[in-house]
Amino acid sequence: MSASGDLASRIADALTNASTDVGVAPDVDALRRVANAHTGKGSVLVGLKSSLGSITDVEARKAAGRAINEALQTLEALVAERLTGLEVAAASAAAAGEAMDLTEHLARRSRGHAHIVTQAWERLEDVFVGMGFKVAEGPEVETDFHNFTALNMPPNHPARSGFDTLFVKYGSPGSTLLRTHTSPVQIRVMQEWDLPIYAVMPGRVFRRDTPDATHMPVFHQIEGLVIDKGITFAHLAGTIEAFTKAFFGSEFSSRLRPNYFPFTEPSAEFDVRSSSGKWIELGGCGMVHPNVLKAGGVDPEVYTGFAFGFGIDRMAKERHNVADLRDMYANDLRFMRQF
Ligand code: DAH
């Protein structure tokens, strides 16, 4: 075998070995190492190239050089092709890991829903916030002052006996009690907020009542308070009517009947009527009594205002046609799930 024939077979062997290694390189890093081993400084092909000087025949030397370069180019093309293949495989493996299985079925979880009193509470807040009111809350354990005295019911006032109060600490002065209504929050808002005031105050209230179909010792009210310059009874009536239509629907209307509360003068009871013609008594309201304004630190010569308060449980009961208030608090899921 001639010297050039021997060289040709060494080039062919080197190319065969290299292409086998390239074909089995498992990933991009391995491929880089293989490519370097077969085309880099220490590789067989580069070694052959540097031994070309020993070939004396010029034409034979050129031919050998061309053959080595072709082998190197072939090898580079194989590496590039393998690299593309490995990258595509890696990308589709990653995509497979992220793919959604649209046939997968997860059992539906039962999420429950808010209690019907909470639903009514939140809707009431929404309607009043939509009318420009802000929401305030006060403490459930109140002072005798905020619950009674500041609301124009000084010690020994006969109206106090109508509230069936649960006292926490009894003794004068400084009794504390579970608030019997949300009206004391009126005083706190007047004391703490800047004027004018447009506020609603929802909350839990307490009375020493035996539970029956229409009474619970723990129930909920929402209080309203507006104080500004030039507020009249017409603003009160208009607000009650606008609220009635926004909350119950445009087929409902409201009416006011004269009544008495110590903290308002004049005072009224307000009822709403549906298109069916049935009147439902909702709550009390009136013009804030000057003594109440004074107790809240507001000058009654400059400001006037109106207030209202009504029961939230009653509204939930009417809305869902619940016959007995006690059912709403028995925590029987068969009852609660109906709503
Ligand atoms: N606080 C009264 C009650 O619980 C309801 C009430 C009546 C609130 C008239 C008011 C009002 O703000 O003006 O019976």
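This report describes helix packing, nonpolar cores and aromatic pairs in a predicted model.

## Basis of the description

Residues are numbered from 1 along each chain as its sequence is written, and side-chain values use heavy atoms, with hydrogens and water left out. Because the model is predicted, local features need pLDDT of at least 70 and side-chain atom pairs count only at pLDDT 80 or more, whereas totals for chains, interfaces and linings use all residues.

Helices (H or I, at least four residues) and strands (E, at least two) are DSSP runs, numbered from the N terminus.

## Helix pairs

Two packed helices are described by the angle between their axes and the distance between the axes. Here, axes are lines fitted to C-alpha atoms, for helices over the stretch in contact, and angles run from 0 to 180 degrees between N-to-C directions. Angles under 35 degrees count as roughly parallel, over 145 as roughly antiparallel, 65 to 115 as roughly perpendicular and the rest as oblique.

Helix α2 (residues 28-39) packs with helix α4 (residues 58-98) at about 175°, the axes lying 10 Å apart; the two are therefore roughly antiparallel. In contact terms (heavy atoms within 4.5 Å), V28, L31, A35, H38 and T39 of α2 meet L72, L75, V79, R82, L83, L86 and E87 of α4. This contact has eight nonpolar, two polar and two charged residues, where Ala, Val, Leu, Ile, Met, Phe, Trp, Tyr, Cys and Pro count as nonpolar, Asp, Glu, Lys and Arg as charged, and the others, Gly among them, as polar.

For α5 and α10 the angle is about 110° and the axes are 9 Å apart, which makes α5 roughly perpendicular to α10. On the α5 side, I116, V117, A120, W121, R123 and L124 meet I312, D313, M315, A316 and R319 of α10. By class, eight residues of this contact are nonpolar, none polar and three charged.

A nonpolar core is a set of buried Ala, Val, Leu, Ile, Met, Phe, Trp, Tyr and Cys residues joined through side-chain atoms within 4.5 Å. Buried means under 20% relative accessible area, exposed over 50%, and partly exposed in between (1.4 Å probe, protein chains only). The largest core has 35 residues, and those with the most contacts inside it are L124, F128, F243, F308, F310 and M328. Among the elements giving two or more residues to this core are α5 (116-130), α8 (233-248) and β10 (304-311); α5 gives the most, with seven residues. A second, separate core of 24 residues includes L177, I187, V298 and A307.

Seven of the nine residues of helix α7 (residues 184-192) are buried, so α7 is largely enclosed by the rest of the structure. These buried residues are P184, V185, Q186, I187, R188, V189 and M190. They pack against β2 (141-143), α6 (144-147), β5 (197-206), β6, α9 (290-295) and β10.

## Aromatic pairs

Rings of Phe, Tyr and Trp (its six-membered ring) pair if their centres lie within 6.5 Å; planes under 30 degrees apart count as stacked, over 60 as edge-to-face and the rest as tilted. By this rule there are 15 aromatic pairs. The rings of F128 and F133 have centres 5.3 Å apart and planes at 70°, so the pair is edge-to-face; F128 and F133 are both buried. F335 and F339 also form an edge-to-face pair, at 5.2 Å centre to centre and 70° between the planes. F335 is buried, with a relative accessible area of 15%, while F339 counts as partly exposed at 25% relative accessibility.

One aromatic cluster is formed by F128, F133, Y198, F243, F247, F248, F252, F270, F308 and F310.
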